[in-house]
Amino acid sequence: MLEYRIDRRSGIATYLQIVQQTRQALRLGLLVPGDKLPTAREVVEATAINPNTVLKAYRELEREGLVEAKRGLGTFIRRSLGSAPADSPLVEELADWARRARAAGMERDDVAALFASVLERQFKGDGDS
């Protein structure tokens with residue numbers, strides 16, 4: 001089951017962190033149609049956030065057509081995203097690169113900025129930013 005990690009220092013709204021992490025799990029194939037998301041209560045217990053925040057995130061995912069709430073049963077994945085399986089050989093290459101960046105003294109935010117910059121250059125004009 002998906003476990004959300006909330007970074008209170010990120011500057012990103014908590015509900016958006018849940019939405020983004022769910023989308024990422026869908027893109028990586030960690031969640032597939034039919035899978036059940038953790039209940040709002042489970043997320044609250046694991047992250048100490050307000051239940052309304054979880055419900056707001058789940059409503060956003062439902063609005064996007066990614067999940068479906070079934071009264072009394074839970075919230076379930078309706079469709080997948082992307083095609084980047086978590087077991088892709090590229091994962092280890094990227095992990096190696098991240099280890100080298102860290103060993104070179106780069107901070108997490110610096111690595112994220114550099115990676116975002118490279119992505120922007122590589123996918124410029126694809127409408128995928």
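What share of the 129 residues in this chain is buried? Buried residues make up 25% of them, where buried means under 20% relative accessible area, exposed means over 50%, and partly exposed is in between, using a 1.4 Å probe and protein chains only.

Okay, before we go on, some housekeeping. What you see is a predicted model, in which local features need pLDDT of at least 70 and side-chain atom pairs count only at pLDDT 80 or more, while totals for chains, interfaces and linings use all residues. Residues are numbered from 1 along each chain as its sequence is written, and side-chain values use heavy atoms, with hydrogens and water left out.

So, the overall layout. The chain has 5 helices and 2 strands. Helices here are DSSP runs of H or I with at least four residues, strands are runs of E with at least two, and both are numbered from the N terminus. Reading from that end, the order goes α-α-α-β-β-α-α. Along the principal axes, the C-alpha atoms fill a box of roughly 50 × 30 × 25 Å.

Let's zoom in on helix α2, residues 40-47. Its buried residues are A40, V43 and T47. They sit on the same side of α2 because they cover an arc of only 65° around the axis; that arc is taken from the directions from the helix axis to the C-beta atoms.

Next up, salt bridges. Side chains of opposite charge can pair when their charged atoms come close. The rule used here is a side-chain nitrogen of Lys or Arg within 4 Å of a carboxyl oxygen of Asp or Glu, and the count comes to 4 salt bridges.

Which residue does E64 meet in a salt bridge? That would be R23, at 2.4 Å from N to O. E64 lies in the loop between α3 (51-63) and β1 (67-70) and R23 lies in helix α1, so this pair ties together parts that are 41 residues apart in sequence. E64 counts as partly exposed, at 21% relative accessibility, and R23 is partly exposed too, at 29%.

Compare that with R63 and E60, whose side chains meet at 2.7 Å, N to O. These two both lie in helix α3, 3 residues apart, or about one turn of the helix. R63 counts as exposed, at 62% relative accessibility.

Then there's E92, which forms a salt bridge with R99, the closest N and O atoms being 2.7 Å apart. Salt bridges that share partners join E92, D96 and R99 into one network. E92 is partly exposed at 45%, and R99 is partly exposed at 47%.

Last stop, the surface patches. Patches are made of residues with over 30% relative accessible area and no salt bridge, joining like charges within 9 Å and nonpolar side chains (Val, Leu, Ile, Met, Phe, Trp, Tyr) within 5 Å.

Which residues form the negative patch? Look for D7, E107, D109 and D110. D7 is found in the segment before α1 (14-27), and D7 is partly exposed, with a relative accessible area of 33%.

The nonpolar patch is about 330 Å², made by L94, F115, L119 and F123. L119 lies in helix α5, residues 108-122, and is partly exposed at 36%.

Technical notes:
Accessible areas come from the Shrake-Rupley method with a 1.4 Å probe; for residues, only the protein chains shown count as cover. Lys and Arg count as positive and Asp and Glu as negative; His and the chain ends are not counted. The place of a charge is taken as NZ of Lys, CZ of Arg, CG of Asp or CD of Glu.
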